[in-house]
Amino acid sequence: MEDKEKILIVDDEEILTDLLTEIIAEMGYQCEIARNGIECLEKFERGQYFDIVLLDIQMPMLNGIETLTKLKTFGLDITIIMVTASRDFEDAKVALKEGAYDYIVKPFKNIEVMTVIKRAVERSRLIKEVKDYQENLEKKVLKQTNQLVSLYADTLEAMVLALDLRECETGYHSYRVTKYALILAKKMGVADSDLAVIAKGALLHDIGKIGIPDNILLKPEKLTEQEMEIMRRHPYYGYKLLKKIKFLEQEAEIVVSHHENYDGTGYPEKISGKEIPLGARIFSIVDTLDAMTTSRSYSQAISFEEAIELINQASARQFDPEVIKAFIKIPKEKWIKARNSIEKADFDYLKNLLYSLNES
Ligand SMILES: [Fe+2]
Ligand SMILES: [Fe+2]
């Protein structure tokens, strides 16, 4: 059964409140009484809610108009009916201007009061219906957004996988560095809400390599300076690609900065220190860690122990010393375990992250 409308009577005259209570009860609605404007406001402040308020204009302390003005500041959709003596008809006009819905003139006949209350109830129900409709609409939109997010995530994930497969000798580099970035970010005490951004930035970091021709990307020998120059465009390509997707804007900032060095000798912008987003400062360490510990045609993998030491030596030059401080506290076993755990089952990573982000 639908909830009955709740009505608040605000009046200092007992005879009147008794009469109105009787009428309202007869109509089948619930009602409460407040002896003055302050009592009325206190009820709302305590979180009580009434659909309709019958507000006497002539009251001691806070009069009806003042109470009405204050009630409006709560931003609630209350239907307010002023109760006025015939002599303060001017006040009723002011009240209507201030947002009251209707008024009753004392002395009144029961039937007059009933008619006004009935109309007020209809209005109040209409407001509720509109509100419910809007809320439902919001839920629908959110559901559709989630479907869209999932679709995007699938597409991006396929792109990442395609990239890793194309550069097959790096294996699942993108997935490994995502895991690694999360380990280091957590050690840094990064807030949960930012972890998802860092993880997605890590997963997508080299997405711009899609724009690098095969003969450069897949060249087994060392690249010439000219080829390197083309290769160095990949952070910017990735940025351009992700910037177009509204909910990946923050990740795009990590992607564009993932080859910047702490001392400003990196690329593409040669920014330095804290100018480089924290996510990128964290990421570049784990990217290097994975590159060093993975064999490629032009370089042999070294042990995690050696890699950690070499990275530590590049503190304040290539890497942020603060992040390095956290990095060297992580035992090498943790990295090895994470590396070994990358399996096919992990590949819903991006989708899960996007979902968790959307729900929060
Ligand atoms: Fe890169
Ligand atoms: Fe990388």
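Domain bounds in these legends come from an automatic or database domain assignment.

View 1. Welcome to a predicted model, in which local features need pLDDT of at least 70, side-chain atom pairs count only at pLDDT 80 or more, and totals for chains, interfaces and linings use all residues. Residues are numbered from 1 along each chain as its sequence is written, chains are lettered from A and ligands numbered from 1 in the order in which they are written, and side-chain values use heavy atoms, with hydrogens and water left out. The protein chain splits into domain 1 (6–136) and domain 2 (167–359). Taken over C-alpha atoms, the centres of domain 1 and domain 2 are 63 Å apart.

**View 2. Confidence along the chain.** The predictor's confidence in each residue is called pLDDT and runs from 0 to 100. The average for the protein chain is 89, and 93% of the residues score at least 70. Helices (H or I, at least four residues) and strands (E, at least two) are DSSP runs, numbered from the N terminus. Among the elements of the chain, the highest mean pLDDT, 98, belongs to helix H14 (residues 321–327), and the lowest, 57, to helix H16 (residues 349–359).

**View 3. The iron ion (ligand 2) and its protein donors.** Donors are N, O and S atoms within 2.8 Å of the metal (3.2 Å for Na, K and Ca); water is not among the atoms, so sites may look incomplete. Here the protein donors are His-173 (NE2), His-205 (NE2) and Asp-287 (OD), at 2.2 to 2.3 Å from the iron ion (ligand 2). Their spacing in sequence is H-x31-H-x81-D. His-173 in helix H6 (residues 173–187) and His-205 in the loop between helix H7 (192–203) and helix H8 (214–217) are 32 residues apart, a pair that links distant parts of the chain. Buried means under 20% relative accessible area, exposed over 50%, and partly exposed in between (1.4 Å probe, protein chains only). His-173 counts as buried because its relative accessibility is 5%, and His-205 is buried too, with a relative accessible area of 0%. The iron ion (ligand 1) lies 4.3 Å from the iron ion (ligand 2).

**View 4. Two cis peptide bonds.** Most residues other than glycine have a negative phi, and most peptide bonds are trans. The bond from Lys-106 to Pro-107 is cis, with omega near -10°. Pro-107 sits in the loop between strand S5 (102–106) and helix H5 (110–166). Tyr-267 and Pro-268 are also joined by a cis peptide bond, with omega about 5°. Pro-268 belongs to the loop between helix H11 (249–256) and helix H12 (278–292).

**View 5. Two residues with positive phi.** Met-61 is not a glycine, yet its phi is positive, about 65°. Look for Met-61 in the loop between S3 and helix H3 (64–72), where its 61% relative accessibility makes it exposed. Ala-316, likewise not a glycine, has a positive phi of about 75°. Ala-316 is in the loop between helix H13 (304–313) and H14, and is partly exposed, with a relative accessible area of 41%.

**View 6. Glu-306 in helix H13.** Glu-306 has its place in helix H13 and is partly exposed, at a relative accessible area of 45%. Between the C-alpha atoms of Glu-306 and Met-292 there are 9.0 Å, while the two residues are 14 residues apart along the chain.
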